[in-house]
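Q: I have a protein model open and would like to learn how to read it. Could we go through some features together?

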Amino acid sequence: MREDQIEAATAPLRDDIRFLGAILGETIRDHEGPEVFDLIERVRVEAFRVRRSEVERSAVADMLRDTDIHVAVPLIRAFSHFLLLANLAEDLQRDRRRAVHVAAGEPPQGSSLAATYRALDAARLRGRGPEEAARVTTRGARSGAAGSGPGGAAVADLLGDALVSPVITAHPTETRRRTVFDVQARITELMRRRQRYTESEPEYADIDVQLRRQVLTLWRTALIRLARLRIQDEIEVGLRYYDLTLLEVIPRINAEVRAALRARWPGHDLLRRPILRPGSWIGGDRDGNPNVTGEVVHRATHRAGTVALGHYLKELVGLEKSLSQSARLVPVTPELARLADAGFDESPQRADEPYRRAIRGIRARLTATALRALGEVPGEGVGAAAPDGAADTQPGPDGYRGPVAQPYGSPRELLDDLDIVDAAMRASGDGLLADDRLAALRGAVETFGFHLQGLDMRQNSEMHEQVVAELFAWAGVHSDYPSLSEPQRIELLAAELSTRRPLLGPAARLSESATKELGVLRAAKAALDDLGPDTVPNYIISMCTSVSDMLEAALLLKESGILDPGDADTPPSSPAGVVPLFETIDDLRHGAQTLVAALEVPVYHRLVAARGMQQEVMLGYSDSNKDGGYLAANWALYRAELDLVEAARKTGIRLRLFHGRGGTVGRGGGRSYDAILAQPAGAVRGALRLTEQGEVISTKYADPGTAHRNLEALVAGTLESTLLDVEGLGADADPAYALFDELAELARQQYARLVHETPGFVDYFRASTPIAEVADLNLGSRPASRKPTNSVSDLRAIPWVMAWSQSRVMLPGWYGTGAAIEQWVGDDPGRLATLSGLYRRWPFFRTVLSNLAQVMAKADMDIAARYAELVGDTTLRDTIFGMIRDEYDRTVRMHAAITGSDQLLADNPALAESIRNRFPYLEPLNQLQVELLRRRRAGDDSELVERGILLTMNGLATALRNSG
């Protein structure tokens, strides 16, 4: 695109930014005074001059040095608010560009389902028959003709139980308060409405007034919380996205995908369940979080059930009002007539309205279901259980009270009744009506059940060992379990898993921590009993390193009643699967070996067989990166997947991988669609779970249109990775793998020299970044460290990444890569050509470099140098920052040499434009943060200085958009 074309395309974005910025400026001038406004303007102008290299980089820092804190705080707030409004303008611009693309009749864009269907259709035309065998083996479609897809039978095998599950996690780096979030949503909607009018229309002026009100509300609202979020708050934050978008969007995508695939492969049993089924960790993840208790698990599961059942009851009220068909005008099927007669509605006014009577009966049964499962009825009068002496009536979501009905035993029973209504409408020629609200409700029930979302349980393997040791000691099985060797542990655990005998009786006395752990699991069992087997689908073992780690988790599931070992005549059963989480580089290297060894234990193999030979494995992106650096971690994950795919082939399991990705590149972030296509062949096979974290959640799922695009990108990537050859290496795979074994080891060594081997590195990190202050920013309920130590290994990945982001080093997203490439290439142009070829052909390498470039474009070594000045030891400062700056320059050179472009964001013009627009506004926030950190560390512990630091962190996190 020519420069004039780029200028024209981005003009509406610049206009929106100027417009919103002008309203903000007027608001500040009116309410803070002209002196504050004039200072903000002077700083803004100087920041732009710095970015254009018209003045020295120290110009803004000099202006802000010794600024009175009472002036600094509104200045920080001003730039933070502007960046928040700039985000909004950029989101609107993406919507505009997408509309232009569609209106021009251009081909569907990559990551859309429309583009995926085109690719699948092209592959089917190149295929060799409708019953072509699956080519997704150890190396996927490489064994077949390039690009051709599998036939119907293979697709049915791959997609019969397909699953794409975004899992909202309990480590939010979302710094915005709910109030700020809501005001921003209102501004967004007003800006969209504004686009539909011209300046001459009265609505245009009215919208401008409303926008000014919202910006004023934003300015008068505190940006940071007074208190840290509790888990109860996190639960509500996670659930709000269902009402905003997910209850509507997910069933619609599920219906669309099922129809599209079945039309292409008719007669095959595709997608027996909805492909998109969401999950959550909020309230079930207790790894290092002592705040998760049995009460919290109950709250998380039952609040989710309240959202689901409340939605269904509300929709049934709407259906009852709208389905007014008269038996005098339409034929009535016998099944519908029976359902209507059982509807507890004897009103003569509705005697000839079978649909309304049937829906009322369904409502009555669902109301009874809510009372049984939740102890309350969602909707009007929530929390009011059936009153004493009113056994023959029950409340409904609109105040309706009818006879007590038989609760539904499962969502399937509810669906059966709704299917009767649907079939009757279609039989009478009213399919157009059935395809509206009724279809949406049926899709929602099929997707969300009574549980809404699967809540994963997660705990560290060390805690499992402690609890199991107590159980064995109390029961007299073994007095010193930790002293046993691994084979002895496996033998003992397998023996206990072979019997239904519990280890504990009612009088058992355990430590407080063990009692709490078992209380959490018993609460999970109660939730399963109340809301169904999908309520708690997985039990994840953090830092899993051995077979005994997996068997210990299984034993705890058994002790809590979730896992039934079965007997000679009955197979074992467990609604929750045991999921090992491999996190460090070494654990990833040995993950497949651990899994195979576990499957060789007969009792565990029997359990997996009873679950349809399905085994999930979770891969940790955050800790592997913190352990070995960016390139080493990415390659360790890829290698682990290759090994796990081979292990699955040998053992006959259906492998499902769960990707523990964070919002930032340093924690596995980046475009989800590209990340899915970058997986090894055979690693997806119709199933994908991945975590969604922090501000990424609101970015993706707060708006219906944005949620639809992000969710369909997950499904599109999963379908393409499953059914097409996307790796593209062919016979060159093994040499490419060997090459990256070398590169990754070189990168790990370079990273280790800095992070693990340089004396004083931790001291440098703590002094040159706001890591101590990150712990004070009220982000979430989890502590910043797993243990109270001064070790990088014990620091949680979120504060580790966020601290480097704030100081603009962005170290976890690139360090070690440049040195590894430079050392491997040496003076050999042939080696550089090999890497350039792999960059063009291999999605994995292309994605690694693209994500690295995004991070490095957001880094700023001159700003980072200002943070380095906070380190008192000048020798330490010069040594470590010198290593960081040299590696940054080296990595930029190597990126350019491989890609052929000296522009880091040549493949991402939208982000390049974003950086041009917003980065001048980051300059004063960074400079003020350094200034206030210096004051605080010099002894100024005033409340305003602390608030100013937290406000700068909030503003920078908002601007960078993926900060932790």
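Q: Which helices are included in what covers the buried residues of H30?

A: Good place to start, and keep in mind that this is a predicted model. For H30, the cover includes helix H22 (630-651), helix H26 (733-755), helix H31 (829-841), H32 and H34.

Q: Which residues of H30 are buried?

A: A residue counts as buried when its relative accessible area is under 20%. In H30 the buried ones are Thr817, Gly818, Ala819, Ala820, Ile821, Trp824 and Val825. That is seven of the nine residues in the helix (residues 817-825), so H30 is largely enclosed by the rest of the structure. Just after H30 comes Gly826, with a positive phi of about 60°.

Q: How many residues are there in the whole protein, and what percentage counts as buried?

A: The protein has 964 residues, and 60% of them count as buried. As for its elements, you can look for 36 helices and eleven strands.

Q: Which residues touch the most other members of the largest nonpolar core?

A: The general idea first: in soluble globular proteins, nonpolar side chains tend to be buried together. Here, the largest nonpolar core has 159 residues, and Val257, Tyr312, Val421 and Tyr604 touch the most other members. Helix H9 (residues 231-264) gives the largest share of this core, 13 residues. A second, separate core is made of 137 residues, including Ile23, Phe761, Trp800 and Ala853.

Q: What is Tyr312 in contact with, leaving aside its neighbours within four places in sequence?

A: Setting those neighbours aside lets you see which other parts of the chain meet a residue. Tyr312 is then in contact with Leu366, Leu414, Leu441, Ala444, Val445, Phe448 and Gly449. Across the protein, 80% of the contacts with a separation of 6 or more are between residues 24 or more positions apart.

Q: Which residues lie nearest the centre of the second largest pocket?

A: To read a pocket, look at its space and then at its lining. The second largest pocket holds about 1,000 Å³ of space. Its lining has 40 residues, and Ile915, Arg916, Asn917, Phe919 and Pro920 lie nearest the centre.

Q: Which helix gives the most to that lining?

A: H1 does, with eight residues. Other helices that supply at least two residues each include helix H2 (34-51), helix H4 (69-103) and helix H35 (909-937). By type, the lining divides into 24 nonpolar, four polar and twelve charged residues.

Note on methods
Residues are numbered from 1 along each chain as its sequence is written. This is a predicted model: local features need pLDDT of at least 70, side-chain atom pairs count only at pLDDT 80 or more; totals for chains, interfaces and linings use all residues. Side-chain values use heavy atoms; hydrogens and water are left out. A nonpolar core is a set of buried Ala, Val, Leu, Ile, Met, Phe, Trp, Tyr and Cys residues joined through side-chain atoms within 4.5 Å. Buried means under 20% relative accessible area, exposed over 50%, partly exposed in between (1.4 Å probe, protein chains only). Helices (H or I, at least four residues) and strands (E, at least two) are DSSP runs, numbered from the N terminus. Contact means heavy atoms within 4.5 Å. On a 1 Å grid over the protein atoms alone, a cavity is a set of points where a 1.4 Å probe fits but cannot get out, and a pocket is an open set with protein on both sides within 12 Å along at least five of seven lines; lining residues have an atom within 4 Å of a point. Grid points are joined across faces, edges and corners, and a volume is the space filled by probe spheres set on the points. Ala, Val, Leu, Ile, Met, Phe, Trp, Tyr, Cys and Pro count as nonpolar, Asp, Glu, Lys and Arg as charged, and the others, Gly among them, as polar.
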